[in-house]
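My entries follow in the order I made them.

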Amino acid sequence: MDSLMVSNHEPTLYTIKGMCILDNDGNRILAKYYDKNVFPTVKEQKAYEKNLFNKTHRANAEIIMLDGLTCVYKSNVDLFFYVMGSTHENELILLSVLNCLFDTVTMILKKNVEKRAVLENLDVVMLAFDEICDGGIILDADPSSVVKRVDLRNDDIPIGEQTVAQVLQSAREQLKWSLLK
């Protein structure tokens with residue numbers, strides 16, 4: 001019986017502690033943290049991000065244990081994508097969320113995954129964060145279904161089902177065309 005490891009952690013839906021995108025200097029582009037016990041302040045979040053970036057930006061791996069968290073990551077051109085969970089979390093689940101985040105951003109930006117493009121489409125990328133994970137609970141790990149729900153360029157949605165960002169985008173387009181007439 002001693003050879004069996006027994007986990008004393010209760011199963012929970014709150015699997016994600018945080019997700020972030022950093023630039024190639026380690027500066028935050030976008031970050032969401034879901035556990036106020038782990039990172040209660042923005043100052044602590046940014047300190048963790050700086051430490052995380054310093055440990056991973058030259059590494060050739062995709063997972064790191066840092067400050068009591070398991071972190072999976074991926075880099076592309078001038079961006080670093082990170083998904084964090086507790087040390088007892090299944091790395092494959094964290095990796096599926098990371099892959100969903102990266103693939104969703106890739107689809108949103110039409111394969112042009114770089115800092116400038118993310119900043120220009122930050123509203124859609126923020127919606128994608130929220131569609132993938134809410135309060136630490138994974139909502140979706142399928143990039144194509146996430147992209148369908150955050151696509152602001154779809155004009156065929158009834159007004160009652162549109163998000164605020166979609167309504168604002170539609171109003172901007174109508175105003176632009178009315179001014180050009």
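**Entry 1: E131.** I am working from a predicted model. I began with E131, which is partly exposed at a relative accessible area of 24%. I then looked for its partner. The side chain of E131 meets that of R149 in a salt bridge, at 2.6 Å from N to O. The pair joins distant parts of the chain: E131 sits in helix α4 and R149 in helix α5, 18 residues apart.

**Entry 2: R149.** I checked R149 next. R149 counts as partly exposed, with 37% relative accessibility. I also found a salt bridge between R149 and D140, with the closest N and O atoms 3.0 Å apart. Is D140 buried or exposed? D140 is buried, at a relative accessible area of 13%. I noted one network as well: salt bridges with shared partners join E114, R116 and E120.

**Entry 3: helix α5.** I stayed with the helix that holds R149. Helix α5 covers residues 143-150. Which of its residues are buried? I listed P143, S145, V146, V147 and V150. I kept the helix repeat in mind: residues three or four places apart point the same way, because an α-helix has 3.6 residues a turn. Then I looked for the cover over the buried residues of α5. That cover includes α2 (91-108) and α4 (122-132). Helix α4 also supplies E131, the partner of R149.

**Entry 4: K17 and D35.** I moved to another charge pair. D35 and K17 form a salt bridge, and their closest N and O atoms are 2.8 Å apart. D35 lies in the loop between β2 (28-33) and α1 (42-56), and K17 in the segment before β1 (18-23), so the pair ties together parts 18 residues apart in sequence. I looked up burial for each partner. D35 is buried, with a relative accessible area of 15%. K17 counts as buried too, at 16% relative accessibility. I then asked how many salt bridges there are by this rule. The count comes to eight.

**Entry 5: the whole chain.** The chain has six helices and seven strands. From the N terminus, I read the order of elements as β-β-α-β-β-β-α-α-α-β-β-α-α. Of the 181 residues, 39% are buried. Among contacts with a separation of 6 or more, 52% come from residues 24 or more positions apart. I put the accessible surface at about 10,900 Å², with 54% of it belonging to carbon and sulfur atoms.

Conventions: Residues numbered from 1 in each chain as written. Predicted model: local features only at pLDDT ≥ 70, side-chain atom pairs only at ≥ 80, totals over all residues. Heavy atoms only, no water. Buried < 20%, exposed > 50% of the residue type's maximum accessible area, 1.4 Å probe, protein only. Helix = DSSP H or I, 4+ residues; strand = E, 2+ residues; numbered from the N terminus. Contact = heavy atoms within 4.5 Å. Salt bridge = Lys/Arg side-chain N within 4 Å of Asp/Glu carboxyl O. Areas by Shrake-Rupley, 256 points an atom, 1.4 Å probe, with all protein chains shown as cover.
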